Amino acid sequence: MTVDGPARLRIGRTLGRLYFAGQAAAGALWWLGVFAVPGVRELTLGGLHPMLVAALDIPLFVILSGIAAAGIGWAAWIATGWTLLVALGMALYATVTTQAGWGALLMLAAAAGSIAAVLLLRDGRLPTERILFGPFVFRLARPASATRNAARTGLQITLFWGLCLGVIPVLIWLVEARWGLAIETPAAVRVTGAALFVLASALALWAAISMSTRGEGTPLPSAMPRRLVISGPYRYVRNPMAITGITQGVAVGLVLGSWLVVAYALCGSLVWNWVIRPSRRLISRADSGRSSRPIGRASGAGSRGSDRRASMRQRRGAGAQPEGYADPRESKGDAVTETAHASAPARPEERRSWVPMVCLFLAQILMSFNVAALPISIGGMVADFGVPPTVASSTIVVYGLVVAALVMTGAKLGQRIGWVLIFRCVVVVFAGSSLMMILAPTITWAIAGQVLAGAAAAIIVPSLVALIAENYRGAQQATAIGSLGSARALSGISAFLIGGTLGTLVGWRPVFMIVLALAIAVFCFSFTLRSDRGDARVKIDLVASLLIGLAIMMLTLGFNNLNGWGAFFAGPGAPFDLLGLSPAPFLILLGIVLGQAFFMWTRRRMREGKAPLIDLSILRSSRERSAVYAMFIVVGLEAALNFTVPMYIQIVQGRTPFETSLAMMPFNLTVFITATLIVRFYRRFPPRTIGVTAFICTTAALVWLAFVVNNNWETLPTILGLVLFGIGQGSLVTLVFNVLVTSAPAELAGDVGSLRGSTQNLASAVGTAVVGALLVALLSVGIGRAVVEHPELPADLVAQVDLDSVNFVSNDELREVLGRTAASPAQVDAAVQVNEEERLRALKLGLLVLAGLSAVAILPASRLPRYKPDEIPAPDAVDV
């Protein structure tokens, strides 16, 4: 009895729902065990505080898994993302501390199961064909001599055995021992494994020789044999290479005494039987024409259809897929055969694989994680290199300055060289910068590493937008843009949690090992991106590049140092002064002048018909300018809140960075979720409605926080205020970015990306500097008034304290300062009370000022477009 296509999809979705139901039940039982049985808590959580973990895991893992079991898609995706994040965190924790190994293993298994279940819930099937890319795409081998085929086969065997039977099993074995999962293995088992490995290897070599000499090919899918082999071991076994490979893996596990390596080999057998073998069997039925080109690829130089999509089309033509099945990854730019056109039903919107977006998502995380990891690493650098904190913090400064100065030039380089090619090159540069951080012998190496990272990020920023525009259209493009905003929030969470844990337990260098791993992953995934060609005719305006680079550098330096150097008069931290005045406002003024010179120069070149550094036509209408204003304001508000809350928690309350990250978790999680899900509202509401509503949310949240905030940020009213602000902020970052991308032609996507990068960098600097100066000014005025009015603080005591350098300090620091004066214990207590009251009053007033700025931002939001989704002008497809 056969099952038709729709029924098969229903069964797949049912299996996905059943998995989430089982996961919710298992998670609930596990948490009961954690609180009831000390052994369960020790094996799965180690030294982690169960209440802190439960506060996040129960709603995001157990409850959302239960909701996903009802078929609710958004709950399934959030639960899956959380499970994956926890799995990575637990794996890192177990590796560093040698505790909670079983918890890490269970969460990794749950992450794999959740990914499979959410795909079943979405598609009704596992899109196994998507992993068949690069060397795993089935192609016939090129015609070659038996000697050449044998040499290729020998090289493939060396690489495969070295990696899959050497490096990976040894890593698993080491992790197994580190996590405390190893079991004692008798010597007889190891001897048996060695014998089994020798026999399996002999059979594998026999099969490889038969395939290369008689089949005119190699074992690798990308160089399949050109002839059917039915001699040698193929006379008795259909797939001897697969059987021997799995057997070799099991044998290696027995030799190492590792049950996890044996499980790894058995999982390989599942991949073979469920992914590789069905695809190979279906492709072998297709009429390949016995050519050396990939089987099923459509002819035509303009086609960008990948091998796996061409194979899927042929499978549909052969009836391998359920009736009515439509491949969501086909694009209208593909040149396909008449059979494929006849078998594929018409679709209102063509969908493409999300695998390229994984690459772009990880690239955004790569940059954001690096930025978030730098503040965490300052203390470690100070200890390692023996330099002052101000010198170590130069790594943060140079990264931001290089990104800000080169981002517009980076956009032109991408257009000239080609986005995919330059993207891969700068990812390699980013990986090199992380290596410099890991191996840095002096602070100079670390600073140079961040200069390289900044230069690479200056090109990655516009590349993300350009590659999204080339790879996705319509609703997929909006979702992809939203994922960039969610990636920033996710990387902030993970950097604080993972980086804080590593920095506390191991050191700062392993944090950049994660950056290196991310860079390697991005480089590998970059081969799934749509290829493009650069245009050598694109000219780079060096004068404009110099003007805008210097302008942004001056503005960034000026705003970042308003507090340290002085907002008007030069302070003690200023490197120099101009007639007693701070250099910071002069730098800001110089940056504004240079910026105006850049715009005048660019408009002149455009009038003369010359290529500008950035095409100002992307700002030709009030709608696009309103989007930029809204982006500047919302990013500035985010930076202000991200400065205010951690400053208050760490400096005033004396909390650790880890505790600060937990306090900011509701805000960051809300931004992550909202930035991803807001695109679902684009079909119902125009951008103007969403923008105005979002700014109303941020305004209401800031007003609410101003009235409910107190010295404890963990109260429910405060958390609700942070969540409401996160909803507005996550919606706006995605919305205004999407407005700019959809309003510009595809060929200007890089210019939009550079504009986004410049706006966000400048807005972050301005938001942080302005709120810092505002809070200090409010605190200074409040303290000056309070000490005069307070009866227990006499004038002679006030004269002993420098009120000209008032800043946010903890109660302990204030007591230490007053201890060096003639203050009595009662006077010290009174001063501490004044400090507490005025700090809180300054914070409340600062939040009200930010709320007023957010309310003013409703004006540019009201100028956003009113178009419906069907009215958005789709950019023309880019020929490659």
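Buried denotes a relative accessible area under 20%, exposed one over 50%, and partly exposed the range in between. The legends below describe close-up views of a predicted model.

**Figure 1. Overall composition of the protein chain in the predicted model.** The protein chain contains 31 helices and zero strands. Of its 880 residues, 51% count as buried. Among contacts with a separation of 6 or more, 76% involve residues 24 or more positions apart. The accessible surface of the protein chain amounts to about 39300 Å², and carbon and sulfur atoms account for 67% of that area.

**Figure 2. The salt bridge between D541 and R605.** The closest N and O atoms of D541 and R605 are 3.1 Å apart. D541 belongs to the loop between α18 (509-525) and α19 (542-560), whereas R605 belongs to helix α21 (residues 583-607), so the pair ties together parts that are 64 residues apart in sequence. Both D541 and R605 are buried, which means that each has a relative accessible area under 20%.

**Figure 3. The salt-bridge network of R604, E608 and K610.** R604 and E608 meet through their side chains in a salt bridge with an N to O distance of 3.3 Å. Salt bridges with shared partners join R604, E608 and K610 into one network. R604 is partly exposed at a relative accessible area of 43%, and E608 is likewise partly exposed at 43%. The count of salt bridges in the model comes to five.

**Figure 4. The salt bridge between R122 and D123.** The closest N and O atoms of R122 and D123 are 2.8 Å apart. D123 has a relative accessibility of 21% and therefore counts as partly exposed. R122, with a relative accessible area of 28%, is also partly exposed.

**Figure 5. The largest nonpolar core and the surroundings of F512.** This core has 137 residues, of which M357, F423, F430, I460 and F512 touch the most other members. Helix α12 (residues 355-385) supplies the largest share of the core, 15 residues. When neighbours within four places in sequence are left aside, F512 is in contact with N370, A373, L374, S377, S434, M437, I438 and Q450. A second, separate core comprises 38 residues, including F20, V62, M107 and L669.

**Figure 6. Helix α24, residues 665-677.** At 1.5 Å a residue, the 13 residues of α24 should span 18 Å; the C-alpha atoms at its ends are 18 Å apart, in agreement with that expectation. Of these 13 residues, 10 are buried, so α24 is largely enclosed by the rest of the structure. The buried residues of α24 are M665, P666, F667, N668, L669, T670, V671, F672, T674 and A675.

**Figure 7. Two residues other than glycine with positive phi, T98 and L579.** Most residues other than glycine have a negative phi. T98 has a positive phi of about 65 degrees and is placed in the loop between α4 (73-97) and α5 (101-123). With a relative accessibility of 40%, T98 counts as partly exposed. L579 has a positive phi near 55 degrees and is placed in the loop between α20 (562-565) and α21. At 86% relative accessibility, L579 counts as exposed.

**Figure 8. A nonpolar surface patch that includes V170.** L163, V167, V170, L171, W173 and L174 make up this patch of about 520 Å². V170 is found in helix α6 (residues 146-178). The relative accessible area of V170 is 34%, and V170 is therefore partly exposed.

Figure 9. A701 counts as buried, with a relative accessibility of 0%. Apart from its neighbours within four places in sequence, A701 is in contact with G721, L724 and F725. A701 and I727 are 26 residues apart in sequence, and the C-alpha to C-alpha distance between A701 and I727 is 9.6 Å.

Definitions and conventions. Residues numbered from 1 in each chain as written. Predicted model: local features only at pLDDT ≥ 70, side-chain atom pairs only at ≥ 80, totals over all residues. Heavy atoms only, no water. Helix = DSSP H or I, 4+ residues; strand = E, 2+ residues; numbered from the N terminus. Expected span 1.5 Å × (residues − 1). Buried < 20%, exposed > 50% of the residue type's maximum accessible area, 1.4 Å probe, protein only. Core = buried A, V, L, I, M, F, W, Y, C linked by side-chain atoms within 4.5 Å. Contact = heavy atoms within 4.5 Å. Salt bridge = Lys/Arg side-chain N within 4 Å of Asp/Glu carboxyl O. Areas by Shrake-Rupley, 256 points an atom, 1.4 Å probe, with all protein chains shown as cover. Patch = residues over 30% accessible without salt bridge, like charges linked within 9 Å, V, L, I, M, F, W, Y side chains within 5 Å.
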